[in-house]
Amino acid sequence: MKSPVHRFRDVERQAACLQMEQQQCVSVSKATSAPMWFVRDACGIVCGVITWLLVVYAEFVVLFVMLLPSKNLTYSIVNGTVFNSLAFLALASHFRAMCTDPGAVPKGNATKEYIESLQLKPGQVVYKCPKCCSIKPDRAHHCSVCKRCIRKMDHHCPWVNNCVGENNQKYFVLFTMYIALISLHSLVMVVFHFLYCFEDDWTKCSSFSPPATVILLILLCFEALLFLIFTSVMFGTQVHSICTDETGIEQLKKEERRWAKKTKWMNMKAVFGHPFSILWFMPLTRPGKAHGKAESYQYVV
């Protein structure tokens with residue numbers, strides 16, 4: 001076996017190799033710096049736009065087909081307020097998940113000077129990502145779409161055009177939860193509206209013609225059922241991933257657990273903030289400092 005000194009020399013040799021690529025790494029870092037996080041991926045942008053259009057379509061059918069023509073003013077006000085509030089929270093969560101840095105490792109920092117500034121102890125090893133020229137912390141993985149290494153990367157989601165990682169997992173969980181809730185709410189209202197139209201004259205239950213009303217309601221029912229199933233599964237998967245403190249990639253690759261095990265409640269606070277409050281459910285607020293949250297950089301010994 002190698003002694004700690006020999007292993008430290010191996011690190012020094014790696015640093016010397018990285019010095020040869022220093023200029024390349026610095027040029028990459030300058031070329032990719034941007035004031036706002038946004039992934040320029042055509043597929044992701046299209047999926048993000050489709051997500052907003054589907055919510056707008058549901059908003060149109062709920063308001064102009066079911067609520068405004070209703071004779072019960074209280075029913076319209078209550079359901080309109082609930083649906084619009086959930087829709088706003090869903091779109092706000094989607095925007096924050098899409099435009100928040102998921103935990104990208106600084107690009108092009110794999111230089112000799114930076115490694116020396118880390119003051120590594122003998123036996124500590126740093127890993128360099130050859131694709132984005134950055135020092136790769138423990139539990140970070142490279143995303144081929146974002147072209148960056150992401151801390152605690154769970155997966156890349158085209159529907160939010162971003163990776164789900166350490167900094168935006170809260171917003172992604174809220175997005176799936178609120179989409180599931182408005183989908184369920186839409187389904188319930190569609191059922192009640194169909195029953196109302198069957199009991200009353202179809203020409204009086206909507207401002208549209210009976211065939212157009214039926215088509216609009218069926219399309220909304222299909223959309224709501226599809227996304228209710230999809231987002232409910234994603235929400236449950238994300239909550240399970242948070243409670244076990246194991247990302248989707250780590251579960252898929254069956255990676256060896258090298259980090260400290262914490263309670264489920266501590267893992268939840270690490271994502272949503274500390275202490276527990278109604279702000280957990282607000283996409284407009286950033287998670288506060290949580291007890292037990294991992295450091296930005298950890299190196300495998």
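Modeller: Before we start, a word on annotations: UniProt positions are given in the numbering used here, and annotations may be inferred rather than shown by experiment. The model itself is predicted.

Biologist: Which residues does UniProt list for "transmembrane region"?

Modeller: The unreviewed UniProt entry lists residues 42-67, 73-92, 171-196 and 208-230.

Biologist: How much helix does the chain have over residues 73-92?

Modeller: Residues 73-92 are 100% helix and 0% strand. The end C-alpha atoms of that stretch lie 28 Å apart. Residues 208-230 are 91% helix, again with 0% strand. There the end C-alpha atoms are 30 Å apart.

Biologist: How many helices and strands does the chain have?

Modeller: Nine helices and six strands. The chain has 301 residues, and 45% of them count as buried.

Biologist: What describes two packed helices?

Modeller: Two values do: the angle between the axes and the distance between them. Now the case here. Helix H3 covers residues 42-67, and helix H6 covers residues 169-199. They pack at about 30 degrees, with axes 11 Å apart.

Biologist: Are H3 and H6 roughly parallel or roughly antiparallel?

Modeller: Angles under 35 degrees count as roughly parallel. H3 and H6 are therefore roughly parallel to each other. Their crossing is left-handed.

Biologist: Which residues in H3 and H6 meet?

Modeller: From H3 come Thr51, Val55, Val62, Val65, Met66 and Leu67. From H6 come Phe175, Ile179, Ser186, Met189, Val190 and His193. By type, the contact has nine nonpolar residues, three polar and no charged.

Biologist: Where does cysteine 133 lie?

Modeller: In the loop between strand E1 (127-129) and strand E2 (134-136). Lysine 152 is in the loop between strand E4 (148-151) and strand E5 (155-157).

Biologist: Is cysteine 133 buried or exposed?

Modeller: Buried means under 20% relative accessible area. Cysteine 133 has 7%, so it is buried.

Biologist: Which residues does a cis peptide bond join?

Modeller: Histidine 274 and proline 275, with omega about 0 degrees. Proline 275 sits in the segment after helix H9 (264-272).

Biologist: Last one. Among contacts between residues at least 6 apart in sequence, what share joins residues at least 24 apart?

Modeller: The share is 70%.

Notes: Residues are numbered from 1 along each chain as its sequence is written. This is a predicted model: local features need pLDDT of at least 70, side-chain atom pairs count only at pLDDT 80 or more; totals for chains, interfaces and linings use all residues. Side-chain values use heavy atoms; hydrogens and water are left out. Axes are lines fitted to C-alpha atoms, for helices over the stretch in contact, and angles run from 0 to 180 degrees between N-to-C directions. Helices (H or I, at least four residues) and strands (E, at least two) are DSSP runs, numbered from the N terminus. Angles under 35 degrees count as roughly parallel, over 145 as roughly antiparallel, 65 to 115 as roughly perpendicular and the rest as oblique. A crossing is left-handed if the near helix is turned anticlockwise from the far one by less than a right angle, and right-handed if clockwise. Contact means heavy atoms within 4.5 Å. Ala, Val, Leu, Ile, Met, Phe, Trp, Tyr, Cys and Pro count as nonpolar, Asp, Glu, Lys and Arg as charged, and the others, Gly among them, as polar. Buried means under 20% relative accessible area, exposed over 50%, partly exposed in between (1.4 Å probe, protein chains only).
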